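Me: I would like to learn how to read a structure, feature by feature. Please show it to me first.

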Amino acid sequence: MNYKQEIKLPEKLCYSAGNVAAVLVNTTLSSYLMYFYTDILGIAASAAAAIFLFSRIWDAFNDPLMGMIADRTRSRWGTYRPWILWIALPMTICGILCFTAPDLSYYGKLIWAWVTYIACGMCYTGIYIPYGVMNNVMTQDMNQRLTLATFRETGSDIASMIIGYTTMPLVLAIGHGNEAKGFQGTMIVYSLLGLVCLAVCFLGIKERRAPEISKFTLKESIGSLKGNKPALVIMLAMVVMNGIVMYEFSWFVYYIKYFLQRMDLQPIIMTMIPGVALACKFIINPIAQKVGKKRMLIVGSVIYFLDGIMFLAAGSNIILAVIACAGFGVGLTFFFVMVWGSVPDIVEYGEWKNGIRAPGFLYSMGTLSNKLGLGFSGLLAGWMLTGIHYVPGAVQTEAVQHGIYLATGIPLIAAGIFCVIIFSFYDLTQEKYIEILKELEERKNS
């Protein structure tokens, strides 16, 4: 059987548009919501951290459930594709509400933050899990899946560049000094743009491989993880590295404003990071096809380790700090393209190992790991701000500035070391994957 299957460029671009929409909402939340909560809504950093943590605990139930529901969905638009259409408008509305500052008491604002953030997370799950599984049903070609993952992350880079370059200028232009109004207006712009991108994605992609109706219970679906070492490695890496990367995105606001004291550089730096990541997309696929995914996963981890050292070595030197930020962008491509490009492969590995094919469930485990990392990032940021005695909106002491500096580099070093170690256990090579596909085909034929 021929496992090569070409996907045309227009469809790849439409697939990429789906991630533009997701990142316009998710990265804006992860980068600015902590600041919005502490400096605009007036919520304590520890209380904001609790919101992020609890919502991720809820995702431990919500994400696998959504994966199973998606696996069982049958409609005239397919199995996973229709969810992009159905949840698009609710996610647009919830994203806007997250950056709305109501005139309520402190506890009223706290409740508002809890409800809107959890609701937005559920909508994000309703779209993003089916969207991610589309990679699995669009093709069985391992290299095409990697290409789709590259286009997916390209969409992420484009959205991140939009966010980095336009967020604070839009906040100032729309709010005229009122940050609450500015952030709400900015999120309206991003959410509506995301809604258009979701429509493009829905209309432009196809499900070529109709999955069998899943009859597995939750317990049986969990069984697809048994002996699936590549899946466990990928998920653990996602929790750790996505947590640290999202933490860094939220931390850069404090790093640029209070340590570098150059808020004029904020749009430049936050645009440069995804811009560098986008430039790396042109070289990663040829390299990955030559050296293999496992080595590339380790390379991505080493890049973040070295980047953490660079942040510490830079100190307050603006040029070196900007170079360190550029290195952070390199890591975004070399780590996350490879991780997400590996997720579809673990579905076949699980089917080969256990006889259980549960793409929606396994992908939900990936997104759950990603969001657990996101929850950890919010918790870590809250702890750090509390631990260094950060005072919102005030002139920070030298001790607080030094704490911000250390808390920028050290987490990257620790995460890089951890991921290098666990990726040494990843054993799903290209050759082994082809053998697995052949054996699965022989089982079906017999």
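**Reading the features**

Reply: Both F252 and F311 are buried; buried means under 20% relative accessible area, exposed means over 50%, and partly exposed lies in between (1.4 Å probe, protein chains only). This is a predicted model, in which local features need pLDDT of at least 70, side-chain atom pairs count only at pLDDT 80 or more, and totals for chains, interfaces and linings use all residues. Residues are numbered from 1 along each chain as its sequence is written, and side-chain values use heavy atoms, with hydrogens and water left out.

Me: How are the rings of F252 and F311 placed?

Reply: Rings of Phe, Tyr and Trp (its six-membered ring) pair if their centres lie within 6.5 Å; planes under 30 degrees apart count as stacked, over 60 as edge-to-face and the rest as tilted. The centres of the F252 and F311 rings are 5.9 Å apart and their planes meet at 35°, so this pair is tilted. The pair joins distant parts of the chain, 59 residues apart: F252 belongs to helix α9 (residues 229–259) and F311 to helix α11 (residues 293–314). Helices here are DSSP runs (H or I, at least four residues), numbered from the N terminus.

Me: Which residues do ring pairs link into a cluster?

Reply: Ring pairs link a cluster that includes F249, F252, Y255, F311 and F423. Across the whole structure, a search finds 32 aromatic pairs. In one of them, Y35 and F183 have ring centres 6.3 Å apart and planes at 55°, so that pair is tilted. Y35 sits in helix α1 (residues 9–41) and F183 in helix α7, 148 residues apart. Y35 and F183 are buried.

Me: Which residue lies over the face of W340?

Reply: A charge sits over a ring if NZ of Lys or CZ of Arg is within 6 Å of the ring centre and within 35 degrees of the ring normal. R152 lies over the face of W340, 4.0 Å from the ring centre. R81 is placed over the face of F202, at 4.3 Å from the ring centre.

Me: What span should α12 have, and where does α12 bend?

Reply: The expected span of a helix is 1.5 Å times one less than its number of residues. The 37 residues of α12 should therefore span 54 Å, and its end C-alpha atoms are 53 Å apart, which agrees. The bend at a residue is the angle between axes fitted to the seven residues ending there and the seven starting there. For α12, there is a bend of about 30° at P344. G355, whose phi is positive, near 75°, follows α12.

Me: Is E348 buried or exposed?

Reply: E348, in helix α12 (residues 318–354), is buried, with a relative accessible area of 0%. Of the 37 residues of α12, 28 are buried, which leaves the helix mostly covered. Contact means heavy atoms within 4.5 Å. Not counting residues up to four places away in sequence, E348 touches several residues, among them N136, R145, R357 and Y433.

Me: Where does A358 lie, and which residues is A358 in contact with?

Reply: A358 lies in the loop between α12 and α13 (359–387). A358 counts as buried, at 0% relative accessibility. Leaving aside neighbours within four places in sequence, A358 is in contact with D71, S221 and S224. A358 and I410 are 52 residues apart along the chain, and their C-alpha atoms are separated by 38 Å.

Conventions
Helices (H or I, at least four residues) and strands (E, at least two) are DSSP runs, numbered from the N terminus.
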